[in-house]
Amino acid sequence: MFKQKKKANCKTMTLYTIYNSIIERAKVTNPIPFLEQNGFYVFKRSSENNAYIYLHGFTKIGDEDIRTSLKTDGHWISCYHDNTPIGSNINLVLELYPQMNCIEAAKQLCYAAGIDTAAYFSKKRLDINCVNNASSLDKSKMEWCPQSDKPSLVLPIETGINEGIAYLKGRGISESTIKYARNVNFLKFLIDGIIFCGYDHNNELRCATKRSTVDNVEPTENKRDLRGSIKAFAPVLPGSNEVVWIVEGGVDALALRDIALRQNNEPPTIIVTGGRNTKTWIDNPRLQKMIKTADRCYICLEGDPGEKFVKTYNAIIAQRALVLEKIGKKITIWPENGKWQKGCKDMADLNLMKLNNGRK
């Protein structure tokens, strides 16, 4: 007479229980680390348990966009400046990032606060791959992905675009190259900096390197990776498959593209390693393929002063040797002896000097 009720799938129930546990944990987790790490300005009020959130950069007290506070039951609750309710931490993140779902929001909140959500998945009950819906993915796309337990990065809505463009133009970068870099999602803007973005094989953001565009910041804040970045997914500015350049900084990549265009050459593909001592990007199969199939490959040697140059040179030699060992490709160091024109130490300096001197 009636359809017999199906028994609940054990794995589904386990997933539901685990997801619910993570969501509940996120609701009582301080959201301030998540907000700060994603570029929002947060003004802490009388204690760490109350804060004002500015979505478009700090103006003044009283002009905040959102208020968040810890209630006596341990939950964080947020509302707009006019007291329009937002609700829990989960609602707050979904308000800022409508493209997320509840479990993604919960994972991001927990990860920013240093809480390991992977610990919620007991291998005796459920394999961690089930959480990532591995069975539903195309097997061909299940490629190399180090630290895959980390959630992909999510950047806030772009702000400070005009300021960021002005900063790059001041460093000699053309408007056409800025537009191209934005169109291929290599370049993003925050209120106080520019972001160079690296992606995995599923086009998920995995590496975000910030270059500050404001004055009087601490040296450690001038260039830094956003929390959760994985340097193995080095940012890539697409170009010709025949020539690949490897540079340290994102502005160097933009400058190199401009130099190529002014010389009427097809711009190369440019890999941004983020530093002379980084090596994990060499293990990335996507980057390995770019380097291996290119006709020519160059690695840029920055002209650091004095004793620092020796360290830089040795680090670049080590990177080149590792590329040869793991990829089987010989790459050329440029400039060969590390001697740049006077007043230059990297590609960004060279590009600006050429522009100021009216040269290509």
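These legends walk you through several close-up views of a predicted model.

**View 1**
Searching the whole structure turns up 7 aromatic pairs, and here is one of them: Phe 34 with Tyr 97, in an edge-to-face arrangement. From centre to centre the rings are 6.1 Å apart, and there are 80° between their planes. Look along the chain to see where each partner comes from: Phe 34 belongs to helix H2 (residues 32-37), while Tyr 97 lies in the loop between helix H3 (89-96) and helix H4 (102-112). The two residues are 63 apart in sequence, so the pair ties together separate parts of the chain. Are these two residues buried or exposed? Both Phe 34 and Tyr 97 are buried.

**View 2. Trp 245 and Trp 334 form another aromatic pair.**
Why is this pair called edge-to-face? The planes of the two rings are at 75°, and over 60 counts as edge-to-face. The ring centres of Trp 245 and Trp 334 lie 5.6 Å apart. This pair also links distant parts of the chain, with Trp 245 in strand E11 (residues 240-247) and Trp 334 in strand E14 (residues 332-334), 89 residues apart. Trp 245 has 10% relative accessibility, so it counts as buried, the limit being under 20%. Trp 334, at 31%, counts as partly exposed. Both residues belong to one aromatic cluster, made up of Trp 245, Tyr 298, Trp 334 and Trp 340.

**View 3. Five strands line up in an open sheet.**
Follow the 5 strands in the order E10-E12-E11-E13-E14, and you will find that their pairing is mixed. Which strands stand at the edges? They are E10 (236-237) and E14; each has a single partner strand, so one side of each is left without a neighbour in the sheet. Strand E14 runs parallel to E13 (residues 296-300), and 3 bridges join them. Tyr 298, a member of the aromatic cluster, has Thr 332 of E14 as its bridge partner.

**View 4. Helices H3 and H4 cross.**
Here H3 and H4 pack with their axes 9 Å apart, at an angle of about 105°. The two helices are therefore roughly perpendicular to each other, a term that covers 65 to 115 degrees. On the H3 side, Asn 89, Ile 90, Val 93 and Leu 94 make the contact. H4 contributes Cys 102, Ala 105, Ala 106 and Leu 109.

**View 5. Arg 257 sits over Tyr 180.**
Finally, find the charged end of Arg 257, which sits over the ring of Tyr 180. The distance from this charged end to the ring centre is 3.7 Å.

Technical notes. Residues numbered from 1 in each chain as written. Predicted model: local features only at pLDDT ≥ 70, side-chain atom pairs only at ≥ 80, totals over all residues. Heavy atoms only, no water. Phe/Tyr/Trp six-rings, centres within 6.5 Å; stacked < 30°, edge-to-face > 60°. Helix = DSSP H or I, 4+ residues; strand = E, 2+ residues; numbered from the N terminus. Buried < 20%, exposed > 50% of the residue type's maximum accessible area, 1.4 Å probe, protein only. Lys NZ or Arg CZ within 6 Å of the ring centre and 35° of its normal. Pairing = 2+ DSSP bridges. Axes fitted to C-alpha atoms, helices over the stretch in contact; angles between N-to-C directions. Parallel < 35°, antiparallel > 145°, perpendicular 65-115°, else oblique. Contact = heavy atoms within 4.5 Å.
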